[in-house]
Amino acid sequence: MSVLFGILAIIGYIVMFVGAVWILIIAFKKSVLWGLGSLFIPFVIFVFTFMHWGDSKKPFFIWLIGFVISIIFVILSVVVRAH
C-alpha cells in the first residue's frame with residue numbers, strides 16, 4: 001500500500017513541477033531578470049507570483065494542488081509503513 005502512496009506522491013511532484021515551470025515561463029516573458037531571479041534566488045518565484053497574480057494564478061494553483069497531493073500521500077505512506 002505504501003508503494004501506491006509513493007507513486008501518488010510522485011504524481012504530485014510532477015504536477016508541482018509543471019506549475020513551477022509554467023510560472024518560470026511567465027516570469028521570463030515579463031523580463032529576463034524576473035526569470036533568472038525566480039530560477040536562482042529562493043522565494044523570488046513567490047514574490048513574482050503574487051506581484052503578477054493575474055498571469056500567475058492558474059499555474060500557482062496547479063503547483064498548490066501538486067503540493068497538497070504530494071504532502072498527503074507522503075504522510076499516508078509514512079503512517080502505513082509505521083503500522
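D55 is partly exposed, with 42% relative accessible area (buried is under 20%, exposed over 50% and partly exposed in between, using a 1.4 Å probe and protein chains only). This is a predicted model, in which local features need pLDDT of at least 70 and side-chain atom pairs count only at pLDDT 80 or more, while totals for chains, interfaces and linings use all residues. Residues are numbered from 1 along each chain as its sequence is written, and side-chain values use heavy atoms, leaving out hydrogens and water.

What does D55 pair with? D55 makes a salt bridge with K30, and their closest N and O atoms are 2.7 Å apart (the term asks for a side-chain nitrogen of Lys or Arg within 4 Å of a carboxyl oxygen of Asp or Glu). The two residues sit 25 apart in the chain, D55 in helix α4 and K30 in helix α1. K30 is partly exposed too, at 41% relative accessibility. Searching the whole structure gives one salt bridge.

## How α1 and α4 pack

Let's turn to the helices themselves. Helix α1 covers residues 2-30 and helix α4 residues 53-82; their axes come within 7 Å and cross at roughly 160°. Helices here are DSSP runs of H or I with at least four residues, numbered from the N terminus. The axes are lines fitted to C-alpha atoms over the stretch in contact, with angles from 0 to 180 degrees between N-to-C directions.

α1 and α4 are therefore roughly antiparallel (over 145 degrees; under 35 is roughly parallel, 65 to 115 roughly perpendicular and the rest oblique). Their crossing is left-handed, meaning that the near helix is turned anticlockwise from the far one by less than a right angle. The contact of α1 with α4 involves 20 nonpolar, seven polar and four charged residues.

The structure contains eleven aromatic pairs (rings of Phe, Tyr and Trp, the last by its six-membered ring, with centres within 6.5 Å). One of them joins W53 and F61 edge-to-face, at 5.6 Å centre to centre and 80° between the planes; planes under 30 degrees apart count as stacked, over 60 as edge-to-face and the rest as tilted. W53 is partly exposed at 29%, and F61 is partly exposed at 38%.

Ring pairs gather F43, F46, F50, W53, F60, F61, W63 and F67 into a cluster. F43 lies in the loop between α2 (32-40) and α3 (44-51) and is exposed, at 61% relative accessibility. F43 also has a positive phi of about 70°, although it is not a glycine. Most residues other than glycine have a negative phi.

Technical notes. Nonpolar A, V, L, I, M, F, W, Y, C, P; charged D, E, K, R; others polar.
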